[in-house]
Amino acid sequence: MKKLYIVAGANGSGKTTFAAQFSMQEKINFINADEIAKKLNPNDINKEQMKAGKQFFKELNKSLESDKSFSIETTLSGKYTIRTIKKAQAKGFKVVLIYLFLETESEHIIRVDNRVLNGGHYVPKNDIIRRFHRSRNLFLNTYSKLVDEWLLFYNGDNKFEIVADNSFIYDTELNNKFREGEENDRP
């Protein structure tokens, strides 16, 4: 069965690394707006975000019309993901959501800062913090209910440890830490 893999998490969680490795292993296409922007302008991907975004949606729609599995990544902060899930399912795709997390906002900020030092793209700290909370809440309360299957990975040690999926908890302690964060996000 053809599958759409959605690799999600806040900025700095390791989405691109995971999705690129996973897609290579599965021999499927990985569509990523940042990677498209990097091809358009390797020296300043921020200048190409609009053009890359348009190209991303063009490739996404083309892939949804195909019979081949593919992957995308997202912070789950945009509204297009719900439409994409519904459209993919209507086209016969099994939708698998892979969510990556770190324990704290600070870890995400540090990783993005390190990425920038190594030539990667910048994300404002306020955006990282907002997405850290919003992304987790949307995963737990919306997206995990829409997809056919989900997997939760902890990436605090850069090893992509599976914590839970839609039918089993593999690491109770990490699962509880992830869900405790949800409690802390509530007003």
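Trp 150 counts as buried at 11% relative accessibility, where buried means under 20% relative accessible area, exposed over 50% and partly exposed in between, with a 1.4 Å probe and protein chains only. The model is a predicted one, in which local features need pLDDT of at least 70 and side-chain atom pairs count only at pLDDT 80 or more, while totals for chains, interfaces and linings use all residues. Residues are numbered from 1 along each chain as its sequence is written, and side-chain values use heavy atoms, with hydrogens and water left out.

Phe 139 is buried as well, at a relative accessible area of 1%. With Trp 150, Phe 139 makes an edge-to-face aromatic pair, 5.5 Å from centre to centre and with 90° between the planes. The rule here is that rings of Phe, Tyr and Trp (its six-membered ring) pair if their centres lie within 6.5 Å; planes under 30 degrees apart are stacked, over 60 edge-to-face, and the rest tilted. Since Phe 139 sits in helix H6 (residues 125-146) and Trp 150 in strand E5 (residues 149-154), the pair ties together parts eleven residues apart in sequence. Helices (H or I, at least four residues) and strands (E, at least two) are DSSP runs, numbered from the N terminus.

By this rule there are 15 aromatic pairs. One of them, Phe 101 with Phe 178, has ring centres 4.7 Å apart and planes at 50°, so it goes down as tilted. That pair links distant parts of the chain, with Phe 101 in strand E4 (residues 94-101) and Phe 178 in helix H7 (residues 172-185), 77 residues apart. Phe 101 is buried at 4% relative accessibility, and Phe 178 is buried at 2%. Both pairs fall into one aromatic cluster, made up of Tyr 99, Phe 101, Phe 139, Trp 150, Tyr 154 and Phe 178.

Phe 139 turns up again in the largest nonpolar core, which has 33 residues; there Ile 72, Phe 139 and Leu 152 touch the most other members. A nonpolar core is a set of buried Ala, Val, Leu, Ile, Met, Phe, Trp, Tyr and Cys residues joined through side-chain atoms within 4.5 Å. Apart from that core lies another, of 13 residues, among them Tyr 5, Ala 19, Leu 100 and Phe 160.

As for the whole protein chain, seven helices and six strands are present. Buried residues make up 47% of its 187 residues. Along its principal axes, the C-alpha trace spans about 40 × 40 × 30 Å.
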